[in-house]
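Welcome! Please take a moment with the sequence and the 3D view below, and then we can walk through the main features together.

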Amino acid sequence: MELLRAWYRADLVQPVLIALLGWQLVTGLRLLWAKVAHRGDVYSSIQTATAVYLLVYIPSHLIAVFILGRWFLGVDTTFAWASGAPSGLLLDAWNVRLIPHYSLAVLFVIGHLAVGLRAVLLGHGVAVPVADRAAWIICSTGLALAIIIAIAQLSVGG
């Protein structure tokens, strides 16, 4: 986070990133609306479920960072802030809600991308077992990363 912070918080970059997230939400909602009416397989269900979570998570995260953290509280929205420092996530009844909030976000972003990649691979003629295996390997990596981040967050302030 510290390494990339100078770049993603730059006056020219940050508004572009926020606009891209907004565009992702609008286009994702349109895709979701078209997809919900159709039956699908397990991969389609994963894509839809992760999309719904991200449609709620992304705006709530942006509101927490920009409005609550930076504007209302006037704090630097670092990893420590997201981890509930100084009390931590486990010792504060309000902060404990952030454990699944952040963990699921990491898992679902990576899972959403993995299932999307599977569809792209299939569209380019990759064999179904290979595309399936790639999706599950990436999803497993997302789960491992979500667990590592949760452990790191639980270690901050606690």
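Which kind of contact do the side chains of aspartate 76 and arginine 9 meet in? They meet in a salt bridge, with 3.1 Å from N to O. Before the details, please note that this is a predicted model, in which local features need pLDDT of at least 70, side-chain atom pairs count only at pLDDT 80 or more, and totals for chains, interfaces and linings use all residues. Residues are numbered from 1 along each chain as its sequence is written, and side-chain values use heavy atoms, with hydrogens and water left out.

**Overall layout**

- The protein has six helices and zero strands, where helices (H or I, at least four residues) and strands (E, at least two) are DSSP runs numbered from the N terminus.
- Reading along the sequence gives the pattern α-α-α-α-α-α.
- The C-alpha trace spans about 50 × 30 × 30 Å along its principal axes.
- Of the 158 residues in the protein, 28% are buried; buried means under 20% relative accessible area, exposed means over 50%, and partly exposed is in between (1.4 Å probe, protein chains only).

**Salt bridges**

- Side chains of opposite charge can pair when their charged atoms come close.
- The structure holds three salt bridges, each defined as a side-chain nitrogen of Lys or Arg within 4 Å of a carboxyl oxygen of Asp or Glu.
- Arginine 5 pairs with aspartate 76, and their closest N and O atoms are 3.1 Å apart. Arginine 5 sits in helix α1 (residues 2-8) and aspartate 76 in the loop between α3 and α4 (79-82), so this pair ties together parts that are 71 residues apart in sequence.
- Arginine 5 is buried because its relative accessible area is 11%, whereas aspartate 76 counts as partly exposed at 42%.
- Aspartate 76 also forms the salt bridge with arginine 9 from our opening question. That pair links distant parts of the chain, 67 residues apart, with arginine 9 in the loop between α1 and α2 (13-36).
- Arginine 9 has 24% relative accessibility, so it counts as partly exposed.
- A further salt bridge joins the side chains of aspartate 132 and arginine 118, at 2.5 Å from N to O. Here the partners are 14 residues apart, with aspartate 132 in helix α6 (residues 128-155) and arginine 118 in helix α5 (residues 98-123).
- Aspartate 132 is buried, with a relative accessible area of 16%, and arginine 118 is buried too, with 10%.
- Through shared partners, salt bridges join Arg5, Arg9 and Asp76 into one network.

**Pockets**

- The largest pocket has a volume of about 1200 Å³. On a 1 Å grid over the protein atoms alone, a pocket is an open set of points where a 1.4 Å probe fits, with protein on both sides within 12 Å along at least five of seven lines, and lining residues have an atom within 4 Å of a point. Grid points are joined across faces, edges and corners, and a volume is the space filled by probe spheres set on the points.
- The largest pocket is lined by 32 residues, and those closest to its centre are Tyr8, Leu21, Tyr57, His61 and Val65.
- Each of α1, α2, α3, α4, α5 and α6 supplies at least two residues of this lining, and α3 provides the largest share, eight residues.
- By class, the lining of the largest pocket has 23 nonpolar, seven polar and two charged residues. Ala, Val, Leu, Ile, Met, Phe, Trp, Tyr, Cys and Pro count as nonpolar, Asp, Glu, Lys and Arg as charged, and the others, Gly among them, as polar.
- The second largest pocket holds about 340 Å³ of space. Its lining has 19 residues, with Ala64, Leu68, Trp81, Arg97 and Leu98 nearest the centre.
- For the second largest pocket, α3 again gives the most to the lining, with six residues.
- The lining of the second largest pocket divides into eleven nonpolar, six polar and two charged residues.

- Isoleucine 63 belongs to helix α3 (residues 42-73) and is partly exposed because its relative accessibility is 48%.
- Alanine 152 lies in helix α6 and is partly exposed, with a relative accessible area of 33%.
- Alanine 152 and serine 83 are 69 residues apart in sequence, yet 8.6 Å apart in space, C-alpha to C-alpha.
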